[in-house]
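Here are a few notes to read alongside the model. Keep the 3D view open and look up each residue as you meet it.

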Amino acid sequence: MYRPQNVTETNRLHIWAAENSFRFNTTHLLPRSSITIKRKNQSNMTNDEKEYFLNSIQTLISSGDYGKHVSYHGNHNHRMHSSHGEIGKTRFLPWHRIYLFELEQMLQAFEQDTFIPYWDWTTDRDIPEWLVNFTPTVIVDNQPRVVRRSPHRSPNTPNLPPEGDVNMVMSLNSYGSFTSGLEGGIFGAGGLLQTQTQMHNEVHGWVGGIMGNIRYSPTDVLFWLHHANCDRIWAQWQKEHPSEIPGLSGTDSILDPWTYTEEETLDTSSLGYIYD
Ligand SMILES: [Cu+2]
């Protein structure tokens, strides 16, 4: 059902500039070396790639654009979590896909080949070493927000989700059950299944600190790596379930504060990226 865009370098920049989500314009942008960028597993990044990524994040923090982007997540009028009801549950994956895409476009204004890496917490069972000391203070909604973490410490979320949890959601056949399992875990008749963690929510709680605060969690750079992993899991699941789409309609399908529609999110390669 999706409508793949014919992505060329020019229209990629055009699509993004038209969104006008921040103050740069196309004259600031350098063409990428490839039309389709590969988001890599963070554990396979070169030192240069890590440096480019953190430098461009830091540049956006200093310019105020990062803090502004974080603040969208604190505005719950955008309905992007299941805590906002059925529509929020349905919008969770497409909304966050665009949220990451927009940040990645901004990062590429400074390092044209940079990408948001993903953190596969089923294999890397701790905070990636190179990010342990990246704990900036970011101005969000006119207040300084400090990145603090308290990994492992919450009694409610003692473990990062194991591979079995991912296999479990991958085996689900409807978009509705897949996205709720991935966002917050799979619930049986008696509550959360004993063998499962709360998946996406679990990682937020496990990292702790600002990652455990729904309003300001994107202040921590781990947010982007964690959500890239969720987005990657969705992309894999989509390949096996091409007809299972969120199915939003009317204004619900417009991923505000941007103007992208659900349809435009359904194929990552039409947004110009894939996963390795
Ligand atoms: Cu999240």
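Which helices do the buried residues of α7 pack against? Keep that in mind while you get your bearings; point 2 has the answer.

1. Getting started. Please remember that this is a predicted model. The chain contains 9 helices and 6 strands. Of its 276 residues, 41% are buried. Among contacts with a separation of 6 or more, 72% are between residues 24 or more positions apart.

2. Helix α7. This helix covers residues 199-207, and because 8 of its 9 residues are buried, it is largely enclosed by the rest of the structure. The buried ones are Met 199, His 200, Asn 201, Glu 202, Val 203, His 204, Trp 206 and Val 207. Here is the answer to the opening question: they pack against α5 (163-170), α6 and α8. Just after α7 comes Gly 208, with a positive phi of about 70°.

3. Helix α4 with helix α8. Two packed helices are described by the angle between their axes and the distance between the axes. For α4 (residues 85-108) and α8 (residues 222-240), the angle is about 125° and the axes are 10 Å apart. The two helices are therefore oblique to each other, and their crossing is left-handed. To find the contact on screen, select Leu 93, His 96, Arg 97, Leu 100 and Leu 103 in α4, then Trp 224, His 227, Ala 228, Asp 231 and Trp 234 in α8. Sorted by class, this contact has 6 nonpolar, 2 polar and 2 charged residues.

4. Helix α4 with helix α6. Helix α4 also packs with α6 (residues 175-184), at an angle of about 75° and with the axes 10 Å apart. That angle makes α4 roughly perpendicular to α6. On the α4 side you will find Lys 89, Phe 92 and Leu 93, and these meet Thr 179, Ser 180 and Glu 183 in α6. By class, the contact of α4 with α6 has 2 nonpolar, 2 polar and 2 charged residues.

5. Is Ile 57 buried or exposed? Ile 57 has 23 C-beta neighbours inside 10 Å, and 20 or more are needed to count as buried, so Ile 57 is buried. This residue lies in helix α2 (residues 47-63). Setting aside its neighbours within four places in sequence, Ile 57 is in contact with Tyr 66, Leu 107 and Val 221. Val 221 is 164 residues away from Ile 57 along the chain, yet their C-alpha atoms are separated by 8.3 Å.

6. Strands β2 and β3. In a regular strand the side chains alternate between the two faces of the sheet. Strand β2 runs antiparallel to β3 (residues 143-146), and 4 bridges join the two. As one landmark, Thr 137 stands opposite Val 146 in β3. Together β2 and β3 form a hairpin, with 2 residues between them.

7. The turn of the hairpin. Most residues other than glycine have a negative phi, and most peptide bonds are trans. Asp 141 is not a glycine, but its phi is positive, about 50°. Asn 142, also not a glycine, has a positive phi of about 65°. Asp 141 lies in the loop between β2 and β3, and Asn 142 is found in the loop between β2 and β3 too. How do they sit in their surroundings? Asp 141 is partly exposed, with 13 other C-beta atoms within 10 Å, while Asn 142 is exposed, with 7.

8. A cis peptide bond. Finally, please have a look at Asp 256 and Pro 257, which are joined by a cis peptide bond with omega about 10°. Pro 257 lies in the loop between α8 and α9 (262-265).

Key:
Residues are numbered from 1 along each chain as its sequence is written. This is a predicted model: local features need pLDDT of at least 70, side-chain atom pairs count only at pLDDT 80 or more; totals for chains, interfaces and linings use all residues. Axes are lines fitted to C-alpha atoms, for helices over the stretch in contact, and angles run from 0 to 180 degrees between N-to-C directions. Angles under 35 degrees count as roughly parallel, over 145 as roughly antiparallel, 65 to 115 as roughly perpendicular and the rest as oblique. A crossing is left-handed if the near helix is turned anticlockwise from the far one by less than a right angle, and right-handed if clockwise. Two residues are in contact if their C-beta atoms, placed from the backbone, lie within 7 Å. Ala, Val, Leu, Ile, Met, Phe, Trp, Tyr, Cys and Pro count as nonpolar, Asp, Glu, Lys and Arg as charged, and the others, Gly among them, as polar. Two strands pair if DSSP finds at least two bridges between them. A residue is buried if 20 or more other C-beta atoms lie within 10 Å of its own, exposed if 12 or fewer, and partly exposed in between; C-beta atoms are placed from the backbone.
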